[in-house]
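Thank you all for coming.

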Amino acid sequence: QFMHKIHGTYCAALTPLNANYSINKELFLEHCNNLLSQDLDGLAIFGTTGEGNSFNVNEKIEAVNYLIDNNIGADKLIPGTGLCSIKDTVIYSKAIAKLKVKAILVLPAFYYKNVSNEGVVEFYKRVVEEVGDSDLKYILYNIPQVSGVSIGLEVIEQLIKLFPNNVVGMKESSGNLDNMLRITKYFNNFSLFSGSDSLALKVCQRGGAGAITACSNISGKLLNYIINNYKKESEIKNFQLLQQLQEQIRKTLLLHEPISALKAFLSVTNNNENWNKVNPPLIKILHPKDHKTVMSLIELIKKMDELLPSA
């Protein structure tokens, strides 16, 4: 794994909101500190789970600056910067690059459907060239069920050829294990991150770089343990049990729209109403304490705390 330029367990962090839908920076900072205290390698902020495309560029830049000004290491952050507009993606990515973050996670332009591979490559090519930072690391973001755009082997291959120092990895959230394993087999030292907590183990066993996931907002300790210890699986008595629990947490979370479910969960477990707010078109869970998905997650996380060896 040391061959990968970037590797490890990253949380696709949630973004808490104020009553007026602006970013609740204090709570955001607290959440990021909590996540990092669980030994995660870092945070992918303003991705899908972070409702990245529900905020404007300036708001996001301001929030990233706030985190860094308050001692969140820039090298722990992978902000999502991919927008439909090339110019906006460039403005945002340039501002973020100046902060010396670990990498940026970049969606392809996602409004037009059935676009060609050439079109996807051309989008990224213009972004990388116009940002013009030879040190900036890009992680491509494949989440076709949301973006409508697939990033396949041909696109990866062309982008690595064009920008070997910049394009270092991809977050694969399509849920297609075969596709992930094809990529890890085909490209050496290309950091493939599983977007699924459940599939992370299999991906890492076969040359993947780690995971960037939503569940790790509440079960980061567990995912981190699995990814850090899979090589010693045979020595760990309850390893399979832990992996099954991870799969169960993810499956349970996906019974509901995951972002509102995670925020509702945190509003209950942190006893903080401020957590329970999402941007439209998402809608919050009205009575989280009585909500089936939230209640199930609370039970599963209790079980997680019991099963995990205490640090």
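Helices here are DSSP runs of H or I with at least four residues, strands are runs of E with at least two, and both are numbered from the N terminus. What you see is a predicted model, in which local features need pLDDT of at least 70 and side-chain atom pairs count only at pLDDT 80 or more, while totals for chains, interfaces and linings use all residues. Residues are numbered from 1 along each chain as its sequence is written, and side-chain values use heavy atoms, with hydrogens and water left out.

Lys87 forms a salt bridge with Glu130, with 3.5 Å between the closest N and O atoms; because Lys87 lies in helix α3 (residues 86-97) and Glu130 in helix α4, the pair ties together parts that are 43 residues apart in sequence. Glu130 is partly exposed at 28% relative accessible area, and together with Lys87 and Arg126 it is linked in a network of salt bridges.

Which parts of the chain does the pair Lys25 and Glu62 link? Lys25 is in helix α1 (residues 25-36) and Glu62 in helix α2 (residues 57-69), 37 residues apart, and their side chains meet at 3.0 Å, N to O. Lys25 counts as partly exposed at 22% relative accessibility, as does Glu62 at 47%. Over the whole structure, the search finds eight salt bridges.

On a 1 Å grid over the protein atoms alone, a cavity is a set of points where a 1.4 Å probe fits but cannot get out, a pocket is an open set with protein on both sides within 12 Å along at least five of seven lines, and lining residues have an atom within 4 Å of a point.

The largest pocket has a volume of about 720 Å³. It is lined by 35 residues, and those closest to its centre are Thr48, Thr49, Ile143, Val146 and Ile259. Two or more lining residues come from each of α5 (144-147), β5 (167-172), α10 (239-253) and α11 (258-269), with the largest share, three residues, contributed by α5.

One cavity of 30 Å³ or more is counted, and the largest cavity holds about 100 Å³ of space. Of the 14 residues in the lining of the largest cavity, Phe46, Asn53, Gly80, Gly82 and Leu107 lie nearest its centre.

Finally, the surface. Tyr111, in the loop between β3 (104-106) and α4 (117-131), is exposed, with a relative accessible area of 61%.

Terms used
Points joined across faces, edges and corners; volume = space filled by probe spheres on them. Buried < 20%, exposed > 50% of the residue type's maximum accessible area, 1.4 Å probe, protein only. Salt bridge = Lys/Arg side-chain N within 4 Å of Asp/Glu carboxyl O.
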